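Subject: Structure handover

Hello,

Here is the structure we talked about. Please open it alongside this note.

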Amino acid sequence: MITTTINITPYLAEYLRGKYASGSNDPVNIPDNSDLYHVIWNYMSRRPNNMPHSDGNIVLALPNRREGKNPEVYNYLSARAVTYIELAIRREFNEELHATLLDNDQRGHLFDNNAVVYQFLCTYGIESVSEEALLKNYYRWRENLRKRKARRERKKDMIQVI
């Protein structure tokens with residue numbers, strides 16, 4: 001198993017460790033049926049000669065397929081690649097959190113949203129982001145999902161009082 005280290009937002013690193021590595025500091029091995037696996041695969045490239053190994057907050061096990069890129073040679077993720085990988089991780093995180101909160105709403109709002117977010121954070125061992133920040137993110141997303149109809153403009157009377 002060939003690994004590389006990248007630096008991403010701390011709560012996303014905790015999410016990956018909690019979801020794919022059972023909360024341990026072992027390298028995160030992403031399953032091949034995940035979109036994230038294919039994003040990493042697409043951005044793997046040859047390490048430049050003058051580029052040292054970087055430090056980061058998460059160790060990823062690079063995808064190893066029978067055909068295609070050999071991870072012993074293609075074991076570098078550029079800064080641009082890390083940005084897109086972080087975006088894919090954030091998308092996966094938000095999809096899972098929002099689905100959990102929407103499921104609670106569809107079941108008759110059995111639990112308070114704070115309790116649902118707290119349970120989600122405990123499930124994956126996330127400590128570096130607050131519940132309020134995630135709830136605010138969810139409410140913004142939900143507002144964009146359910147755009148309210150614009151109010152009609154009230155035109156002033158055509159007749160003006162002198």
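Helices α2 and α3 are roughly antiparallel to each other, a label for angles over 145 degrees, where under 35 is roughly parallel, 65 to 115 roughly perpendicular and the rest oblique. Helix α2 covers residues 35–43 and helix α3 residues 79–106; they pack at about 175°, axes 10 Å apart. Axes are lines fitted to C-alpha atoms, for helices over the stretch in contact, and angles run from 0 to 180 degrees between N-to-C directions. Helices are DSSP runs (H or I, at least four residues), numbered from the N terminus.

This is a predicted model: local features need pLDDT of at least 70, side-chain atom pairs count only at pLDDT 80 or more, and totals for chains, interfaces and linings use all residues. Residues are numbered from 1 along each chain as its sequence is written, and side-chain values use heavy atoms, with hydrogens and water left out.

On the α2 side, L36, V39, I40 and Y43 make the contact (heavy atoms within 4.5 Å). From α3 come R80, A81, Y84, I85, A88, I89 and E92. Nine of these contact residues are nonpolar, none polar and two charged. Ala, Val, Leu, Ile, Met, Phe, Trp, Tyr, Cys and Pro count as nonpolar, Asp, Glu, Lys and Arg as charged, and the others, Gly among them, as polar.

Next, α3 and α5. Helix α5 (residues 131–145) packs against α3 at about 80°, with the axes 11 Å apart. That makes the two roughly perpendicular. F93, N94, L97, H98, L101, L102 and D105 of α3 meet L134, N137, Y138, W141 and R142 of α5.

Now the aromatics. There are eight aromatic pairs, meaning rings of Phe, Tyr and Trp (its six-membered ring) with centres within 6.5 Å; planes under 30 degrees apart count as stacked, over 60 as edge-to-face and the rest as tilted. One of them, Y15 with F93, is edge-to-face, at 5.1 Å centre to centre and 85° between the planes. Y15 lies in helix α1 (residues 10–20) and F93 in α3, so the pair ties together parts 78 residues apart in sequence.

Best wishes
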